[in-house]
Amino acid sequence: MDFALSEEQEAIFDMATAFGEAEIAPHAQAWEREGTIPKDLWPKLAELGFGGLYVSEENGGSGLSRLDATLVFEALSQSCASVAAFLSIHNMCAKMLDNYASAELRDRYLPRALTMETFFSYCLTEPGSGSDAAALKTRAERTNEGYVMNGTKAFISGGGYSDAYIVMARTGEDGPRGISSIIVDDGAEGLSFGGLEDKMGWRSQPTRQVQFDDCKVPAGNLLGEEGKGFRYAMAGLDGGRLNIAACSLGAAQAALDATLTYMGERKAFGKPIDQFQALQFRLAEMEIELQAARTFLRQAAWKLDENHPDATKFCAMAKKHVTEVGSRVADQCLQLHGGYGYLADYGIEKIVRDLRVHQILEGTNEIMRLIVARQMLAERG
Ligand SMILES: Cc1cc2nc3c(=O)[nH]c(=O)nc-3n(C[C@H](O)[C@H](O)[C@H](O)COP(=O)(O)OP(=O)(O)OC[C@H]3O[C@@H](n4cnc5c(N)ncnc54)[C@H](O)[C@@H]3O)c2cc1C
């Protein structure tokens, strides 16, 4: 068993870290204040192959493994978890195109998704259905010309910002088998957006409701086959969960690194605060927690890459564990900065706010426990 990253993996991590330090970190707080990320960031990330991290090389993507991709998200999140997580959503959509789009649809959308001239959003959640996503009500009626879509999607990252939306909509019966995935272009007739959501974290990512009022979509925008959209939407989630966990890990590591430096500089009672053994023990606890989380995450990513039968269970366990560790560590780092941790200038409070939502989305951590427990009960026989 070899736990070391390969030279290539080290290079991927270093490249993403350097990009984040140069192009993201200096602007992260301003983008948060402005509530948006300049669109010209994305083609620069695309030049590194980050627009289609695990899109097959055959279709023009980078063809990386899921483990490699977690390294990119961990590295970028050292600079800003909100930007990195936004990139993860686009990548999830690009992979859906790679896997399921017809050749015609793929040729139409994938090249610009890979260069990130077309930024994609993923639209599953609705005001009345989140965890119970298969209860979604947005309907796409088939007409002679294509589909007419009606309904509302809630909490859409990139709503009103993205260039295209992969929308999970009902084309048939109730339940998961009546759902299809359909691409809706920005500017489509009948497509509109709610107001900008005022959020605790991820503030640089615009989040809005996406509304469809007799929205007309060409029949050719159906992704794959009718009735399989829920399966496609869920298939992306194992990897999405790894990415989100990696975002928690990278940002928490950045908070810990900053805290280690700060504790050497800050004095109290005549000595640097890193000389108090109680605080040294807290540093050690955080280091142990993060290293264990990293090993667990990479094991889960390896299982997904290997198509291991318990990959879904491991992705769920890693998502739950790593996102909770990440938030715990970030919160402790804020505490160790004293009052300064609460000030935006030190960057720690942003990490605490950004990481909190990782316990809620890509399936809440309660749903992660549900997935784990169901598998345990099934295995018991
Ligand atoms: C900032 C942000 C960005 C988002 N971006 C996107 C996006 O781009 N695209 C998208 O489609 N969605 C997005 N979401 C939505 C997100 O995926 C949902 O919020 C999430 O799935 C939870 O759904 P809900 O909010 O409806 O909560 P609910 O499903 O109503 O859950 C409420 C509570 O009940 C618990 N619960 C529910 N069912 C069970 C159960 N069976 N057993 C135990 N506990 C249960 C939940 O864990 C939670 O604690 C985003 C959300 C946020 C906050």
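**Exercise 1.** Which side chain has an N or O atom 2.7 Å from an oxygen atom of the ligand?

*Solution.* Start with the model: it is predicted, local features need pLDDT of at least 70, side-chain atom pairs count only at pLDDT 80 or more, and totals for chains, interfaces and linings use all residues. Residues are numbered from 1 along each chain as its sequence is written, and side-chain values use heavy atoms, with hydrogens and water left out. The side chain is that of threonine 364. Its atom and the ligand oxygen form a polar contact (a pair of N or O atoms within 3.5 Å).

**Exercise 2.** List polar side-chain atoms of glutamate 366 and serine 157 by their distance from the ligand.

*Solution.* For glutamate 366, the distance to an oxygen atom of the ligand is 2.6 Å. For serine 157, the distance to a nitrogen atom of the ligand is 2.8 Å. On its own the ligand has 980 Å² of accessible area (Shrake-Rupley method, 1.4 Å probe), and the protein covers 65% of that area.

**Exercise 3.** Describe the shell around the ligand.

*Solution.* Step one: 17 residues surround the ligand (a heavy atom within 4 Å). Step two: the shell divides into 10 nonpolar, 5 polar and 2 charged residues. Here Ala, Val, Leu, Ile, Met, Phe, Trp, Tyr, Cys and Pro count as nonpolar, Asp, Glu, Lys and Arg as charged, and the others, Gly among them, as polar.

**Exercise 4.** Is leucine 222 buried or exposed?

*Solution.* Leucine 222 has a relative accessible area of 15%, so it is buried (under 20%, with a 1.4 Å probe and protein chains only). The C-alpha atoms of leucine 222 and glutamate 10 are separated by 39 Å.

Definitions and conventions. A polar contact is a pair of N or O atoms within 3.5 Å; within protein, one must be able to donate a hydrogen and the other to accept it, and residues adjacent in sequence count only if both atoms are side-chain atoms. Buried means under 20% relative accessible area, exposed over 50%, partly exposed in between (1.4 Å probe, protein chains only).
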